[in-house]
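Good morning, colleagues. Please look at the model on the screen while I go through a few of its computed features.

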Amino acid sequence: MRHHLKRSIAHWIILVALAATIFVGDDSLADERLNGFLKKAVDIAQPKTVKIFGASVGRVEGYGTGIIVSNDGHIITGNGVYLNGYSTRVTLNNGETYPVKVIRRDSNLQLALLKIDASTPDFFELGETPAAEKGDWVIAVSNAFKVAERAEPLSVTLGILSLETKMTAKRRGTEVIYDGPLYLIDCITSNPGAAGGAVVTADGELVGMIGKLIESKETNTRMNYAVPEKLLARFLAGKPSESTQASTSPKGNSKPADLGITLFSLGGRKSPAFVDRVRRGSAAKKAGIRSDDLIVTLAGQTISNSTDYKSVLATLIPGEKTVIVVKRRNSLERFDIVPDEKK
Amino acid sequence: MRNFFQFLIVMGLLQILTSQVRGQGKEVSDEEMKLILAAENARIAAVDKVIGSVVAIYGDVRGGGGSGVIFDPSGLVLTNHHVVAGAGVSGWGGIADGNLYRWQLVGTDPGGDVAIIRLIGRDDFPFSPLGNSDEVRVGDWAMAMGNPFVLTEDQKPTVTLGIVSGVERYQPGAGGNQLVYGNCIQVDSSINPGNSGGPLFNMQGEIVGINGRGSFLARGRVNVGLGYAISSNQLKNFIPDLMATKLVEHGTLDARFANRGGKVVCEAFYNEGVEIVNQGLELGDELLEFEGYPITSNDQFTNLISTLPETWPAHVVFKKADGEIKDVNIRLVGLPYKMKPPRARPPAKKGGKKKEPTPEQKRALEKQKMMAKVLTTKAGTIRDLKMNRENCKIVTSHMNRSLVSSLNAVSGKTIVINDKILSADQAPIGTQVIRISSDGRFRIQITEEGISKEFVFDGTDFWKQAENGEIQKLTFLRARLTPEIVQVVAYADLLKESPYAIFGDLQIDGGDKSQNSPSFRLKTIDAKSDWFYVWATIFDENGDLDIRLSKASADLNADGTSGGVCFTDWNDHQGIHFPNRRDFIAGLNETLIKSAVADRVELVDGIDADVFTIAKTPIEGK
């Protein structure tokens, strides 16, 4: 790396003059280099990506994005609430709008396969060979924030495929059960309506699909990621996703933790975390927790109410020892506790 | 970590330039490295070229701030309305040289979120040209510059690079016809609070937009990858009105349209006595064209009209129920701001006790009051005539510079123009010889359809000599209404120290369109409240600032008896620029009546006083 940089610096100095001649001397070349390289990808990806409009539920937006995966109207998108209504519609790049039939869903990968009654000659052919690897430019095409309607083109954002990884860290406060491989990308795709959008290379080849929003309740941050193309291909072919197998295997660690504690329910989410009951044989019983204890900290985090307790509980990993501190009468008591798997 | 980041950039760039090469595990060849570094250097060069023109804008009262960009060496700065609405009518602006300069509010447009302020203290501020935002394409690189999170300590702006994510976007306003982003540019360049008012540059270093907002919905006020910039072409339409120190309203046809079966049809009128109704539009008529763009959807029409100011002369084509196609030019009416007058708020009382406000709080209160005054002035009126006249001087000095390469080139000389006169269908109908002295005197000898006449301006008075030798002194009003005089005086008087002063006090009347291009409209007012209008286009066909005489008329719409004159086909003749073609026109649509086209333009040494005096016998035409 060091050698590499040294060489860069040398080139830097030499090339200041050279660059000037290249980029001032030939405007058309400069324009191509500076502005042209993404146009191809944009032109290829736009007609293969669709807008989806449906019913919104509460504060969850009633729109999304999808990618066309066959010439006869098959579309893959995220498994969003906007698919649940009766009036879900898909709007193609040319502004034509069609009603949607949901063919299949995958609760694991949070994918849905849709079908519209239209011929769709522009579509992504799904394959198993990755079109990009880490460090490559990728372009995300989506209808984040519903900036486009009818025939208006979708948003295009640029990023880099950061890496392919398993979501081992995602357990911290998220409710996503999927833990298979994903692509992390460094452009912001975690926006309302972006899920289902296409992630393509600079040549317009499909890399993956923008996944449903994954948000940490603990840090209030969101993941920018894509579901790899090969998983989409398997979903389209009707094969079960990898992670379904993973999560049913004995080694799967995606089960939520359980301590066997029931808190006093005083109504409201901000009630103090007083222990009402401790289930017989549970982790809490073994640790020595009793009724009427007030939980003060769990796993090093301050618990000021029952909501705090629930969110910290969600981050615990079954079988992994942690510490709970309770107030009992006038003293603080500290216990080691080993969470069980929730049944 | 830094190495890793550089590695990512290098890999990414490699991917662009050699799209087939997979970076991982492969050595970067010298050839590839050259290209990578060349691309990087080009980017650095583009940043260097423009970074000096970016302004960090602060109010006088501590807290907050925004960004702006200088577009004229006199220190005129484009920014957002919401930046000045927060900062007040004056404050401090920092540029990359590390210096802070005082600024004053010039004009503001709450409807489109644009404002102009002027930095004071230099006449050679670094500035950047405005590009043509119609040429911006999705996928173009887009550099945003500004002062996000009021980050800078040394006034150097922050640069964030991204791509254009969408064009022709519409972002609805904040209510009361305010802060509407029509036909705007969407980017994934990081736009954060404090970036507001800062420029969006293309890789040629041209301003293509002013960054004003992002999709911050339910995400906290930080970048989420969707930022919006007001297009440079919209800015061009508003610059003259803003420099005239107006509170600018946006234009409307007072008619509502809707998509019906693939057509865009008129659905309702907002008022009685709507001008476009007088021009023949009825409910159910189909809108075909607006400002030269074929209309395919109502959204598109809304997008286009939201970029135009009040009184803009819009070109509208519509189809009547009986199939008749109507082509009209109509001045847009203002879309009033339904705003509550911002109230100056005294500092909150604490604990029920009335506290004496600190000097800081007093100043803040005073500034709020001044801003409230600006925002409650009557829209479309000149708020500060003194500042307007200063800006007008900037405009006329640009116009003057567009005539001559240097004043010395023309000083003590006479410009001699031999014209042929052509009818509207370009048939020759006569000739004329024009002599203009470098101090603005002139003589015009016309032979048109067999009849000769002469006009002379001797520096004090206008004279007319008919074919029979009869000499008549013309009043200034009469002179303004004579297009043969207008075609020369609008040019010749620009050579003077105070152009058009013979007709009265000059000011910027506002924005307008002339020769299909956004223009300044200047106006003189004399003691009798008579007026004369001169138009100047703001930009050349490349979008570079080039304020140039474009039209002159005694009538606002050139629809009176005299019509007006358009100046075109500028050519260089030994260091002077002269409009080889002068079109005599009438009406808002500039219908051609006749033209004067130069066969020969010469610069002759010396000024013959006799030529510019009427009492002598007529001299022989060349």
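I shall begin with chain A and then turn to a helix of chain B.

This is a predicted model, in which local features need pLDDT of at least 70, side-chain atom pairs count only at pLDDT 80 or more, and totals for chains, interfaces and linings use all residues. Residues are numbered from 1 along each chain as its sequence is written, while chains are lettered from A and ligands numbered from 1 in the order in which they are written.

Chain A holds 7 helices and 21 strands; helices (H or I, at least four residues) and strands (E, at least two) are DSSP runs, numbered from the N terminus. Of its 343 residues, 42% are buried, that is, 20 or more other C-beta atoms, placed from the backbone, lie within 10 Å of their own.

An automatic or database assignment divides chain A into domain 1 (44-248) and domain 2 (257-341). Their C-alpha centres are 38 Å apart.

Next, the sheet. Seven strands of chain A form an open sheet in the order E5-E4-E1-E2-E3-E7-E6, with antiparallel pairing; two strands pair if DSSP finds at least two bridges between them. Strands E5 (97-99) and E6 (101-106) of chain A are at the edges with a single partner strand each, so one side of each has no neighbour in the sheet. Within chain A, E1 (residues 49-53) and E4 (residues 89-91) run antiparallel, joined by 3 bridges; A:Phe53 has A:Arg89 as its bridge partner in E4(A).

Finally, is helix H4 of chain B buried or exposed? 12 of the 12 residues of H4(B) are buried, so the helix is largely enclosed by the rest of the structure. Just after H4(B), B:Thr245 adopts a positive phi of about 65°.
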